[in-house]
Amino acid sequence: MDFQSYFTDRLNALQTEGNYRVFADLARYRGNFPRAEHTNSAGTQQDVTIWCSNDYLGMGQHPDVLEAMHNALDRCGAGAGGTRNISGTTHEHILLERELADLHEKEAALLFTSGYVSNWAALSTLASQIPGCIVFSDALNHASMIEGIRHSKAQKVIWQHNDMEDLEAKLAAAPVEAPKLIAFESVYSMDGDIAPIAKICDLADTYGAMTYLDEVHAVGLYGARGGGIAEREGLMDRLTVIEGTLGKAFGVVGGYITASTELCDFVRSFASGFIFTTALPPAVAAGARVSVQHLKKSNKERIAQRARVAEIRDALNQLGIPHLPNSSHIIPVMVGDPVKCKFISDSLMEEFGVYIQPINYPTVPKGTERLRITPSPVHTDIDSKHLVNALSMLWSRCQMARNSLAAQ
């Protein structure tokens, strides 16, 4: 087999379809987020404003977080020095796990190197180690959850997205005595819709199922202390496992689960994705801990973010630019064509200094390509006006081109 030709052909096909991904070479300006320097393929630099970051509240630039990381770096050095089992458990890891358990009102927490790894390791361990476990997975669950369930080799049942009738029918069809685990998310990252957590918990109680909730796109953002949608709705005590990330609203990197002491210890003892990987650097753990502590007490970031989101949505409505309605902080501007989506993204960057990454297949289904906008409390009124004006001009340009083609 000519391996290189095969690789080239597949990559060329992606480019033809408009689904080839190009990384933006960015250097964020410390203390001035969402500003960054972009270096294009020709080596030319320009200042840009980022409108698609998952650093939802700008905590990756917060002075208290940076100070905590600097102090930990000076105290402990760069790396953890090993896996958690072999010299890699530092006091910063212990303190952070305590903060996270407290955030979700659980007995314990367990840190992982990313949100992807925490989902993959926890779900694969629980589903594989519990004899005869059946996993009921929402159809739009994140790839990390899907991979964890698949790796477990446990029986899986996929239920239609946020459809309680379908979930109940599938639970009712399963053997009564079989252990069951319902896996779902609170805020779904691409559409921005929110799961009916209380109804899922009701079904879990009725059918004797465990619940596994991914709050990755909600922690820090919702609830009185940033505990997520489950905290906002007073449901944390009804969930078996709450999983989250440190790499989005908390502004650093890493993932975690919170649950009972026994469940966390069980995953710690059996999850290969935890046992055989080097621990997070102590400085990262220290920064994350301070970020969590800050957002437990401060609500101003969340209030400012909600105001900015509402402002952008209102402006898009006035312009007639289609975006999915939802009650979250994520604004999916629907384009529906991969080539057009990339054209708008490229034009925003090159002409207006606005960076919004195109979201194409396989992240979203073909025909639902979009620009995923995430307004933050650190975007200014000037930033918002500039974004809306740029989108308006490009949308009009695309419409004119479409009308011209239709007339030919």
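This is a short tour of a predicted model, stop by stop.

**Whole chain**

Start with everything shown as cartoon. The chain holds 15 helices and 14 strands. Its radius of gyration is 22 Å, close to the 22 Å that the globule rule gives for 408 residues, so the chain is as compact as a globular protein of that length. Along the principal axes, the C-alpha atoms fill a box of roughly 65 × 55 × 55 Å.

**The seven-stranded sheet**

Select strands β4 to β10. These seven strands form an open sheet with mixed pairing. Read across it in the order β4-β10-β9-β8-β7-β5-β6. Now colour residues 108–112 and 155–159. These are β4 and β6, the edge strands; each has a single partner strand, so one side of each is left without a neighbour in the sheet. From one strand to the next, the twist averages 20°.

Go to β8 (residues 209–214) and β9 (residues 241–245). The two strands run parallel and are joined by three bridges. Pick Y212 and look across to β9: the bridge partner there is V241.

Show α7, residues 164–173. Helix α7 touches β5 (134–138), β6 and β7 (180–185). Its direction makes about 155° with that of β6. Then show α8, residues 197–207. Helix α8 packs on the sheet too, touching β6, β7 and β8. The direction of α8 makes about 175° with that of β7.

**Helix α5 and its two partners**

Select α5, residues 115–129, together with α6, residues 143–152. How do these two helices lie? Their axes come within 7 Å and cross at roughly 30°. Angles under 35 degrees count as roughly parallel, so α5 is roughly parallel to α6. The crossing is right-handed. From α5, show Y116, N119, W120, L123, S124, A127 and S128. From α6, show A143, S144, M145, E147, G148, I149, H151 and S152. By class, this contact has seven nonpolar, seven polar and one charged residue.

Show A122, T125, L126 and Q129 on the α5 side. They meet L263, F266, V267 and F270 of α10. The contact of α5 with α10 has six nonpolar, two polar and no charged residues.

**Helices α2 and α12**

Move to α2, residues 63–76, and α12, residues 282–297. The axes come within 8 Å and cross at roughly 150°. Angles over 145 degrees count as roughly antiparallel, so α2 is roughly antiparallel to α12. This crossing is right-handed. On α2, show D64, V65, A68, M69, A72, L73 and C76. On α12, show P282, A283, V284, A286, G287, V290, S291 and H294. The residues of this contact divide into eleven nonpolar, three polar and one charged.

**The four-stranded sheet**

Now select β1, β2, β3 and β12. They make an open sheet in the order β1-β2-β3-β12, with mixed pairing. At its edges are β1 (25–28) and β12 (354–355), each pairing on one side only. Zoom in on β3, residues 45–50. Strands β3 and β12 run parallel, and two bridges join them. Select T49: opposite it, in β12, stands V354.

P34 sits in the loop between β1 and β2 (35–39).

A cis peptide bond also joins Y361 and P362, with omega about 10°. Look for P362 in the loop between β13 (358–359) and β14 (370–373).

Last, select E105. This residue is not a glycine, yet its phi is positive, about 55°. E105 lies in the loop between α4 (91–103) and β4.

Methods: Residues are numbered from 1 along each chain as its sequence is written. This is a predicted model: local features need pLDDT of at least 70, side-chain atom pairs count only at pLDDT 80 or more; totals for chains, interfaces and linings use all residues. Side-chain values use heavy atoms; hydrogens and water are left out. Two strands pair if DSSP finds at least two bridges between them. Axes are lines fitted to C-alpha atoms, for helices over the stretch in contact, and angles run from 0 to 180 degrees between N-to-C directions. Angles under 35 degrees count as roughly parallel, over 145 as roughly antiparallel, 65 to 115 as roughly perpendicular and the rest as oblique. A crossing is left-handed if the near helix is turned anticlockwise from the far one by less than a right angle, and right-handed if clockwise. Contact means heavy atoms within 4.5 Å. Ala, Val, Leu, Ile, Met, Phe, Trp, Tyr, Cys and Pro count as nonpolar, Asp, Glu, Lys and Arg as charged, and the others, Gly among them, as polar. The radius of gyration is taken over C-alpha atoms; the globule rule is 2.2 Å times the number of residues to the power 0.38.
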